[in-house]
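Reader: Before we discuss how the terms are applied, please show me the sequence and the model.

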Amino acid sequence: MFNREEAEKLLRKYNTNEALIYHAYCVEETMRRFAREYDHDETYWSLVGLLHDIDWGMFPEEHCKKAPELLAEIGADESFIHAVCSHGWGLVTDVEPVSFMEKVLYTIDELTGLVYATALMRPEKMQGMTVKSVKKKWSSKGFAAGVNREIIAQGAQMLDLPLEHIISLTIEAMTEASGKIGL
């Protein structure tokens, strides 16, 4: 298994935009938080989160299709590659999220974007953010219009977890990592 340093080096090789790097960090830390909450391998889950958009920066038209080739550079196994590719299910790939980890990734990829956008609107950024403040922004159709709320809701349903709980863990993760993610 590759380590985080190797994973980040690969991420930066194919993604030079700092906003994409921050997004990868948001997903990395949120995956770590979910793994801790549900007693799974935090390192593995966080690496899946870190590399989930490995092909987005240089190959957006081949998103989730180019990823297996790029992940092979560091020896990612088939289950890792499946997890990464499954987050684009129904949008850019037919690789369905099956495991709990894959369903979490599918759900929180979009959610981290909504939480991040919400933080940018607040003077205190992540500090003191509540589920209520995120849900208020959720309801505003013009806010963070690129965030696919249907994917988040579908993911919550697949996980059979309350949306509020998912948002809460995401806020916790991103608050803990606020320095790392530019907030």
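**Terms and the values behind them**

Author: In this predicted model, Leu114, Val115 and Thr118 of α6 are in contact with Ser133, Val134, Lys137 and Trp138 of α7. The residues of this contact comprise four nonpolar, two polar and one charged.

Reader: Why are α6 and α7 called roughly perpendicular to each other?

Author: The axes of α6 and helix α7 (residues 131-139) come within 10 Å and cross at roughly 100°. Angles of 65 to 115 degrees count as roughly perpendicular, and α6 and α7 are therefore described that way.

Reader: What makes Ala144 count as partly exposed?

Author: Buried means under 20% relative accessible area and exposed means over 50%, with partly exposed in between. Ala144 has 22% relative accessibility, so it counts as partly exposed. Ala144 is located in the loop between α7 and α8 (149-159), and has a positive phi of about 45° although it is not a glycine.

Reader: Why is Asp160 called exposed?

Author: The relative accessible area of Asp160 is 69%. The cut-off for exposed is over 50%, so Asp160 is exposed. Asp160 lies in the loop between α8 and α9 (163-176).

Reader: What is the phi of Asp160?

Author: Asp160 has a positive phi of about 60°, although it is not a glycine. Most residues other than glycine have a negative phi.

Reader: Which residues of helix α5 are buried, and which helices do they pack against?

Author: In helix α5 (residues 78-86), the buried residues are Phe80, Ile81, Ala83, Val84, Cys85 and Ser86. The buried residues of α5 pack against α3 (42-51), α4 (67-72) and α6 (100-120).

Methods:
Residues are numbered from 1 along each chain as its sequence is written. This is a predicted model: local features need pLDDT of at least 70, side-chain atom pairs count only at pLDDT 80 or more; totals for chains, interfaces and linings use all residues. Side-chain values use heavy atoms; hydrogens and water are left out. Buried means under 20% relative accessible area, exposed over 50%, partly exposed in between (1.4 Å probe, protein chains only). Helices (H or I, at least four residues) and strands (E, at least two) are DSSP runs, numbered from the N terminus. Contact means heavy atoms within 4.5 Å. Axes are lines fitted to C-alpha atoms, for helices over the stretch in contact, and angles run from 0 to 180 degrees between N-to-C directions. Angles under 35 degrees count as roughly parallel, over 145 as roughly antiparallel, 65 to 115 as roughly perpendicular and the rest as oblique. Ala, Val, Leu, Ile, Met, Phe, Trp, Tyr, Cys and Pro count as nonpolar, Asp, Glu, Lys and Arg as charged, and the others, Gly among them, as polar.
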